[in-house]
Amino acid sequence: MENQFSIKTKKESSIPVIYLYGDVTAESDELITKTFRKLLKKSHTKIILNFEDVKYINSSGMATMLALISEKNQEVDLKFVALSSHFKKIMKLVGITDFVDTYETISEAINN
Amino acid sequence: MKLHSITDSMSKVIELQIPSSLGNEKAAMDLSDSLTNNLQFSKDRQAEIKTAVSEACINAIEHGNKFDTDKKVQILFRESKKFLEIEVIDYGDGFLFDKHPDQINVLKKIESNRREDLRGWGLYIIKKITDKIEAQKLNYGYSLKMFFKRSHKRGY
Ligand SMILES: Nc1ncnc2c1ncn2[C@@H]1O[C@H](COP(=O)(O)OP(=O)(O)OP(=O)(O)O)[C@@H](O)[C@H]1O
Ligand SMILES: [Mg+2]
């Protein structure tokens with residue numbers, strides 16, 4: 001039943017991309033938050049989260065996303081890539097998309 | 001995990017029981033997926049119903065049974081002519097469902113310094129997704145019934 005969550009961070013065109021693998025739930029909260037904080041310290045102006053390999057996001061995952069939004073300052077643009085239409089809708093319901101732009105591909109997120 | 005299928009005169013009932021630890025809600029989500037697929041709900045609607053099932057199960061595991069793995073969460077899927085009804089039962093004291101707010105101020109949450117203030121989305125999402133909802137205190141626990149119109153072909 002357990003789904004091992006993991007993260008990979010890679011720079012694309014000098015912009016950090018956090019690749020999420022597995023479920024975004026209470027279990028993944030700490031790793032996502034820590035990874036994000038490390039990048040915030042390096043004063044990037046844009047940080048991208050890739051959801052391509054995420055099949056399940058629950059309410060705890062929504063709280064994790066809100067934590068990222070609340071910890072970053074206004075100068076940092078947070079961008080979400082490859083969210084399924086369903087989870088995009090849920091993030092819209094919660095209000096997350098008021099603070100984060102969503103894109104289909106990483107290159108779109110980089111260029112916008 | 002236990003799975004039963006009962007057919008009474010009115011409707012078909014499928015029962016699943018899961019132990020009260022996080023992650024087990026996925027069994028209920030999988031079952032939801034296969035049932036909603038058989039009942040020809042749209043793909044969008046299937047995903048929404050699955051999310052509602054997940055959040056109701058997580059609440060039952062966390063707030064109802066308080067992660068006590070000796071206590072099971074019971075999930076009943078009932079098909080009737082008009083609805084797919086999904087009931088989630090735990091052994092807790094429940095809560096005042098009618099007092100739960102219909103709107104949540106996300107900005108206020110983000111501006112709070114307390115991490116736990118960022119939570120509180122499960123019921124809100126459930127309410128937005130379901131066509132009808134009934135919460136009831138039982139003599140041994142708490143029941144949340146979610147109804148999904150079978151004619152509801154599109155997402156909310
Ligand atoms: N089955 C239940 N038994 C007892 N209390 C419940 C139950 N379901 C919900 N509640 C109460 O309602 C509140 C709101 O639930 P909701 O799912 O919206 O938020 P949460 O579970 O606190 O956080 P999140 O779902 O965002 O992780 C809970 O904090 C809890 O107090
Ligand atoms: Mg909840």
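This briefing covers side-chain interactions in the structure above.

The model is predicted. Across all chains the count is 18 salt bridges and six aromatic pairs. The largest nonpolar core holds 66 residues. A:Leu66 is buried, with a relative accessible area of 0%.

**Salt bridges**

- A:Glu104 and A:Lys88 form a salt bridge, with the closest N and O atoms 3.0 Å apart. A:Glu104 lies in the loop between strand E5 (101-103) and helix H4 (106-111) of chain A, and A:Lys88 lies in helix H3 (residues 85-94) of chain A, so the pair ties together parts that are 16 residues apart in sequence.
- A:Glu104 is partly exposed at 49% relative accessible area. A:Lys88 is also partly exposed, at 26% relative accessibility.
- A:Lys10 pairs with A:Glu12 in a salt bridge, where the closest N and O atoms are 3.9 Å apart. The cut-off for a salt bridge is 4 Å, so this pair counts.
- A:Lys10 is partly exposed at 40% relative accessibility. A:Glu12 is partly exposed at 21% relative accessibility.
- In chain B, the side chains of B:Arg78 and B:Glu87 meet in a salt bridge at 3.0 Å, N to O. B:Arg78 has 21% relative accessibility and counts as partly exposed. B:Glu87 has a relative accessible area of 6%; buried means under 20%, so B:Glu87 counts as buried.
- Salt bridges that share partners also join A:Lys89, B:Arg45, B:Glu48 and B:Asp131 into one network.

**Nonpolar cores**

- In soluble globular proteins, nonpolar side chains tend to be buried together.
- Which residues have the most contacts inside the largest nonpolar core? They are A:Phe51, A:Met65, A:Phe80, A:Ile96 and B:Ile75.
- A:Phe80 has contacts beyond its neighbours within four places in sequence, including A:Leu49, A:Phe51, A:Met65, A:Met91 and A:Ile96. A:Val100, A:Asp101, A:Thr102 and A:Tyr103 are also among the contacts of A:Phe80.
- Another core, of nine residues, lies apart from the largest one. Among its members are A:Val17, A:Tyr19, A:Val81 and A:Tyr103.

**A:Leu66**

- A:Leu66 sits in helix H2 (residues 59-71) of chain A.
- Residues up to four places away in sequence aside, A:Leu66 touches A:Val94 and A:Ile96 in chain A.
- A:Leu66 and A:Phe99 are 33 residues apart in sequence. In space, their C-alpha atoms are 9.1 Å apart.

**Aromatic pairs**

- B:Phe83 and B:Phe147 form an edge-to-face pair, at 5.5 Å centre to centre with 75° between the planes. Planes over 60 degrees apart count as edge-to-face, so the 75° angle puts this pair in that class.
- The pair links distant parts of the chain, 64 residues apart. B:Phe83 is in strand E4 (residues 83-90) of chain B, and B:Phe147 is in strand E6 (residues 142-149) of chain B. B:Phe83 and B:Phe147 are both buried.
- B:Phe95, B:Phe97 and B:Tyr142 form one aromatic cluster.

**Charges over rings**

- The charged end of A:Lys8 sits over the ring of A:Tyr19, 4.9 Å from the ring centre.
- B:Lys109 lies over the face of B:Trp121, at 5.5 Å from the ring centre.

Key:
Residues are numbered from 1 along each chain as its sequence is written. Chains are lettered from A and ligands numbered from 1 in the order in which they are written. This is a predicted model: local features need pLDDT of at least 70, side-chain atom pairs count only at pLDDT 80 or more; totals for chains, interfaces and linings use all residues. Side-chain values use heavy atoms; hydrogens and water are left out. Buried means under 20% relative accessible area, exposed over 50%, partly exposed in between (1.4 Å probe, protein chains only). Helices (H or I, at least four residues) and strands (E, at least two) are DSSP runs, numbered from the N terminus. A nonpolar core is a set of buried Ala, Val, Leu, Ile, Met, Phe, Trp, Tyr and Cys residues joined through side-chain atoms within 4.5 Å. Contact means heavy atoms within 4.5 Å. Rings of Phe, Tyr and Trp (its six-membered ring) pair if their centres lie within 6.5 Å; planes under 30 degrees apart count as stacked, over 60 as edge-to-face and the rest as tilted. A charge sits over a ring if NZ of Lys or CZ of Arg is within 6 Å of the ring centre and within 35 degrees of the ring normal.
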